[in-house]
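Trainee: I have a model open and some questions about its details. Can we go through them one by one?

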Amino acid sequence: MKINLKNGIDKLLFGMKQSDVTAIYGKPDRNYKDEDDNVIFAYNALKMRLTFYQEEALKLGYIVASSPAIELFGNKVIGKKISEIKKELAAKGITKFTQEEFDTFENYFNEDNWIILQTEFDEVVKFEIGAIINQKDEFDWKFGK
């Protein structure tokens with residue numbers, strides 16, 4: 001499953017509605033609301049959690065993935081050393097990361113692409129990607145363009 005920076009993962013595009021997603025992947029294994037009334041779809045086989053923003057007409061705005069099948073620039077992400085991933089990203093011009101630590105986890109956040117690489121014990125265990133906010137301070141929805 002290919003990560004498409006600023007757009008989504010695989011066939012998922014930011015801005016899709018729940019019906020668009022279920023047309024592609026079927027009914028989610030879990031469907032619930034978070035504390036902000038956003039709708040969350042969880043797909044066990046895909047190892048992905050999708051967030052549809054309540055304040056944005058329930059459009060897909062955030063994806064959390066931990067599948068070993070996800071790839072960025074043709075390279076696997078999950079299970080790799082963060083140093084390797086950062087080297088691969090640097091070759092593509094992605095070098096700025098804000099690092100946060102909590103317990104045994106570390107997050108590496110790149111705001112330009114709105115991605116987070118979460119590591120534990122120096123290995124990437126989770127990849128997060130969100131819809132981009134444009135210069136007008138609005139979401140840059142990709143679906144339907």
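Trainee: Which side chain does E88 meet in a salt bridge?
Mentor: The partner of E88 is K80, at 2.4 Å from N to O. A salt bridge here is a side-chain nitrogen of Lys or Arg within 4 Å of a carboxyl oxygen of Asp or Glu. Before we go on, note that this is a predicted model: local features need pLDDT of at least 70, side-chain atom pairs count only at pLDDT 80 or more, and totals for chains, interfaces and linings use all residues. Residues are numbered from 1 along each chain as its sequence is written, and side-chain values use heavy atoms, with hydrogens and water left out.

Trainee: Is K80 buried or exposed?
Mentor: K80 is buried, with a relative accessible area of 17%. Buried means under 20% relative accessible area, exposed means over 50%, and partly exposed is in between, using a 1.4 Å probe and protein chains only. E88 is partly exposed because its value is 23%.

Trainee: How many salt bridges are there in the whole structure?
Mentor: The search finds three. One of them joins the side chains of K76 and E71, at 3.3 Å from N to O. K76 counts as partly exposed at 40% relative accessibility, and E71 is partly exposed at 26%. Another is between K142 and D140, where the closest N and O atoms are 2.9 Å apart.

Trainee: Which side chain does E128 make a polar contact with?
Mentor: With the side chain of Y62, at 2.5 Å. A polar contact is a pair of N or O atoms within 3.5 Å; within protein, one must be able to donate a hydrogen and the other to accept it, and residues adjacent in sequence count only if both atoms are side-chain atoms.

Trainee: Which backbone oxygen does the side chain of N110 reach?
Mentor: The backbone oxygen of K96, at 2.8 Å. N110 lies in strand β10 and is buried, with a relative accessible area of 2%.

Trainee: New topic. How many cavities of 30 Å³ or more does the count come to?
Mentor: The count comes to one. The largest cavity has a volume of about 40 Å³. On a 1 Å grid over the protein atoms alone, a cavity is a set of points where a 1.4 Å probe fits but cannot get out, and lining residues have an atom within 4 Å of a point. Grid points are joined across faces, edges and corners, and a volume is the space filled by probe spheres set on the points.

Trainee: And which residues line the largest cavity?
Mentor: The lining is L72, F73, N75, K76, V77, I85, E88 and L89. The elements that give two or more residues to this lining are β8 (75-76) and α2 (82-90). The largest share, three residues, comes from α2.

Trainee: Now the backbone. What is the phi of D37?
Mentor: D37 has a positive phi of about 65° although it is not a glycine. Most residues other than glycine have a negative phi. D37 lies in the loop between β3 (30-33) and β4 (39-43), and at 42% relative accessibility D37 counts as partly exposed.

Trainee: Where is W114?
Mentor: W114 is in the loop between β10 (105-110) and β11. W114 has a positive phi too, about 50°, and is not a glycine. At 30% relative accessibility, W114 counts as partly exposed.

Trainee: Last one: how many residues apart are D122 and G79 along the chain?
Mentor: They are 43 residues apart along the chain, and their C-alpha atoms are separated by 9.3 Å. D122 is found in the loop between β11 (115-120) and β12.

Note on methods:
On a 1 Å grid over the protein atoms alone, a cavity is a set of points where a 1.4 Å probe fits but cannot get out, and a pocket is an open set with protein on both sides within 12 Å along at least five of seven lines; lining residues have an atom within 4 Å of a point. Helices (H or I, at least four residues) and strands (E, at least two) are DSSP runs, numbered from the N terminus.
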